[in-house]
Amino acid sequence: MSKVLDIRNLYKIYGKEKVNQVTALDDVSFSIDQGEFALIVGSSGSGKSTLLNIIGLLDKPTNGTVRVAGTDTSKLNDGQISSFRNKKVGFVFQFSNLLSDLTVLENVMLPMQMAGMQKSREKATELLMAVGLKDQMKQRADRISGGQAQRAAIARGLANQPALVLADEPTGNLDSVTSKNVVKLMKSMCETLGQTFVVVTHDQEDFGNVDHIIQMRDGKAFETSMVRRVAT
């Protein structure tokens with residue numbers, strides 16, 4: 001099985017003067033295979049958000065390599081980073097971050113249009129139907145529920161058929177019932193589409209059994225053995 005994400009000897013150090021330096025990531029190494037549902041867990045300040053930002057090309061490491069879909073992202077220039085991120089990495093955040101003045105359909109079409117993809121309306125429609133939003137497609141994004149907005153955000157994250165979907169506390173702003181439904185949806189997308197998910201969370205119990213768990217503690221990564229994912 002091919003590696004979608006391969007991280008080797010990753011460091012992130014803030015501060016130029018040695019006395020003021022803070023090591024946010026300390027020699028982190030692990031890999032995630034195609035089609036896995038993986039969690040990065042840890043308490044506040046453990047380094048998990050820093051790690052996610054570097055994987056998503058929103059920040060650069062001090063040392064080490066991050067390969068996404070076989071590409072060493074440290075070798076990309078600023079222009080290449082933007083293009084690569086749009087095509088290869090999907091994002092789902094704690095807040096849906098939908099554009100309120102656009103319809104749900106237009107929000108999902110947007111990343112495809114930015115990437116110059118053809119038939120964006122048809123593809124966005126298929127995704128929204130897959131996440132159960134057939135009846136909300138033409139509504140403005142500010143007129144749907146929080147759970148519906150997060151479903152739309154997942155569809156948007158899948159819009160460009162990325163190699164990797166990164167989700168940052170995707171259930172953190174939802175009630176328990178809606179949270180369970182969103183987790184079930186992401187796992188379903190992982191199973192049916194073979195989509196790779198890497199989810200940052202402070203509470204892994206919300207996600208049940210997954211394929212891979214990376215525990216972050218004081219900037220270091222502790223990799224657990226894989227457990228078979230069970231649909232919930």
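**Entry 1: Phe197**

Leaving aside neighbours within four places in sequence, which residues is Phe197 in contact with? I counted a contact as heavy atoms within 4.5 Å. On that basis Phe197 touches Glu36, Phe37, Ala38, Leu158, Val165, Met186, Met189 and Cys190, with neighbours within four places in sequence set aside.

A note on what I am reading: this is a predicted model, where local features need pLDDT of at least 70, side-chain atom pairs count only at pLDDT 80 or more, and totals for chains, interfaces and linings use all residues. Residues are numbered from 1 along each chain as its sequence is written, and side-chain values use heavy atoms, with hydrogens and water left out.

**Entry 2: the cores**

Next I looked up the nonpolar cores, meaning sets of buried Ala, Val, Leu, Ile, Met, Phe, Trp, Tyr and Cys residues joined through side-chain atoms within 4.5 Å. Buried is under 20% relative accessible area, exposed is over 50%, and partly exposed is in between (1.4 Å probe, protein chains only). The largest core has 39 residues, and Phe37, Val108, Leu128, Phe197 and Phe207 touch the most other members. Two or more residues each come from β3 (37-41), α3, α4, α5 (146-157), β7 (164-168), α6 and β8 (197-201). I use helix for a DSSP run of H or I with at least four residues and strand for a run of E with at least two, numbered from the N terminus. Helix α6 gives the most to this core, 6 residues. I also found another core lying apart from it, of 29 residues, including Ile7, Leu25, Leu51 and Val198.

I moved on to α3, where Val104, Leu105, Asn107, Val108, Met109, Pro111 and Met112 are buried. Their cover includes α2 (78-88), α4 and α5.

At what angle do α3 and α4 pack? Helix α3 (residues 104-114) meets helix α4 (residues 120-130) at about 125°, and their axes are 9 Å apart. The axes are lines fitted to C-alpha atoms, for helices over the stretch in contact, and angles run from 0 to 180 degrees between N-to-C directions. That makes α3 oblique to α4; under 35 degrees counts as roughly parallel, over 145 as roughly antiparallel, 65 to 115 as roughly perpendicular and the rest as oblique. The residues in this contact include Val108 and Met112 of α3 and Ala124 and Leu128 of α4. Just after α3, I noted that Gly116 takes a positive phi of about 75°.

**Entry 3: α5 beside α6**

Helices α5 and α6 pack at about 15°, with axes 10 Å apart, which makes α5 roughly parallel to α6. From α5 the contact uses Gly147, Gln150, Arg151 and Ile154, and from α6 it uses Thr178, Asn181, Val182, Leu185 and Met186.

While in α6 (residues 176-193), I checked Ser179, which lies there. Is Ser179 buried or exposed? Ser179 is buried, at 8% relative accessible area. Neighbours within four places in sequence aside, Ser179 is in contact with Thr171 and Leu174.

Asn9 has a phi near 50° and lies in strand β1 (residues 3-14). Asn9 is partly exposed, with a relative accessible area of 43%. Asp218 has a positive phi of about 55° and sits in the loop between β9 (212-217) and β10 (220-223). Asp218 is exposed, at 64%.
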